[in-house]
Amino acid sequence: MRIGHGYDVHRYKAGRECIFCGVRIPVDFGPDGHSDADVAVHALMDALLGAAALGDIGRHFPDTDDRYKGADSFRLLEHVMELIGEKGYTVSNADITIVAQKPKLAPYIPQMAENLAAALGVDHDRVNVKATTEEKMGFTGSGEGVAAHAVVLLNE
Ligand code: MG
């Protein structure tokens, strides 16, 4: 087995789409970024690449490359899964934590986990998505931005 960890942060910006694990949340702000800025999927991709010793998403999808402007992070995740598969790995399980003071994510978590399980090609009980706040402290607490952590285990 191989373990990987990923971490990502995006700043919130007014008028941006707010997408977490492929779920569009109806608010008037969202994570800013070159792609669709799906912060939890970015953390997950880094965890997968980390577990396989394949570097990070900055190496595979540079934000200086116009091909990835506005990119659907699930398309990028598909590519990461191909790389993982080429090395002979499958996903055992994944655990994701989103750190956000806003918006309220709890109602959307089951759909987020379902989207990720489908993308990873695993059963629902192998993906967990959690959301927490930092008690109004720091950049997530002030609502300036959002962070996500991911841990994955790969089978060799
Ligand atoms: Mg990112």
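**Sheet, metal site and aromatic pairs**

Student: How many bridges join strand β1 to β4?
Tutor: Strand β1 covers residues 2–14 and runs antiparallel to β4. Strands are DSSP runs of type E of at least two residues, helices are H or I runs of at least four, and numbering starts at the N terminus. Two strands pair if DSSP finds at least two bridges between them. For β1 and β4 the number of bridges is three.

Student: What kind of model is this, and how are its residues numbered?
Tutor: This is a predicted model: local features need pLDDT of at least 70, side-chain atom pairs count only at pLDDT 80 or more, and totals for chains, interfaces and linings use all residues. Side-chain values use heavy atoms, with hydrogens and water left out, and residues are numbered along each chain as its sequence is written, from 1.

Student: In what order do the five strands form the open sheet?
Tutor: The pairing is mixed. The edges are β4 (29–31) and β6 (127–132), each pairing on one side only. Neighbouring strands are turned by 20° on average, direction ignored; axes are lines fitted to C-alpha atoms, for helices over the stretch in contact, and angles run from 0 to 180 degrees between N-to-C directions. The order is β4-β1-β7-β5-β6.

Student: Which residue in β7 is the bridge partner of glycine 4?
Tutor: Strand β7 takes in residues 145–155. β1 and β7 pair in the antiparallel sense over 10 bridges. The partner of glycine 4 in β7 is valine 152.

Student: At what angle does helix α4 run to β6?
Tutor: Helix α4 spans residues 109–120. It lies across β5 (90–99) and β6. Its angle to β6 is about 145°.

Student: Which residue in β4 is the bridge partner of tyrosine 12?
Tutor: Tyrosine 12 lies in strand β1. At 10% relative accessibility it counts as buried; buried means under 20% relative accessible area, exposed over 50%, and partly exposed in between, with a 1.4 Å probe and protein chains only. Its partner in β4 is proline 31.

Student: How many aromatic pairs are there?
Tutor: Rings of Phe, Tyr and Trp (its six-membered ring) pair if their centres lie within 6.5 Å; planes under 30 degrees apart count as stacked, over 60 as edge-to-face and the rest as tilted. By this rule the count is two.

Student: Why is the pair of tyrosine 12 and phenylalanine 29 called edge-to-face, and how many residues apart in sequence are the parts that it ties together?
Tutor: The ring centres are 4.9 Å apart and the planes stand at 75°, so the pair is edge-to-face. Phenylalanine 29 is buried, with a relative accessible area of 11%. Tyrosine 12 is in β1 and phenylalanine 29 in β4, so the tied parts are apart in sequence by 17 residues.

Student: How far apart are the ring centres of phenylalanine 61 and tyrosine 68?
Tutor: Phenylalanine 61 and tyrosine 68 are buried. Their planes stand at 75°, so this pair is edge-to-face. The centres are apart by 5.3 Å.

Student: Which residue has its charged end over the ring of phenylalanine 29?
Tutor: A charge sits over a ring if NZ of Lys or CZ of Arg is within 6 Å of the ring centre and within 35 degrees of the ring normal. Here the charged end is 4.4 Å from the centre. The residue is lysine 102.

Student: Is the peptide bond from lysine 102 to proline 103 cis or trans?
Tutor: Proline 103 is found in the loop between β5 and α4. Omega is near -10°. The bond is cis.

Student: Which residues coordinate the magnesium ion?
Tutor: Donors are N, O and S atoms within 2.8 Å of the metal (3.2 Å for Na, K and Ca); water is not among the atoms, so sites may look incomplete. The donors follow the spacing D-x1-H-x31-H. The distances are 2.1 to 2.2 Å. The residues are Asp8 (OD), His10 (NE2) and His42 (ND1).

Student: How many residues apart in sequence are the parts tied together by histidine 10 and histidine 42?
Tutor: Both histidines are buried. Histidine 10 lies in β1 and histidine 42 in helix α1 (residues 39–51), so the tied parts are apart in sequence by 32 residues.

Student: Is cysteine 21 buried or exposed?
Tutor: Cysteine 21 lies in the loop between β2 (19–20) and β3 (23–24). Its phi is near 50°, a positive value in a residue other than glycine. At 0% relative accessibility, cysteine 21 counts as buried.

Terms used:
Contact means heavy atoms within 4.5 Å.
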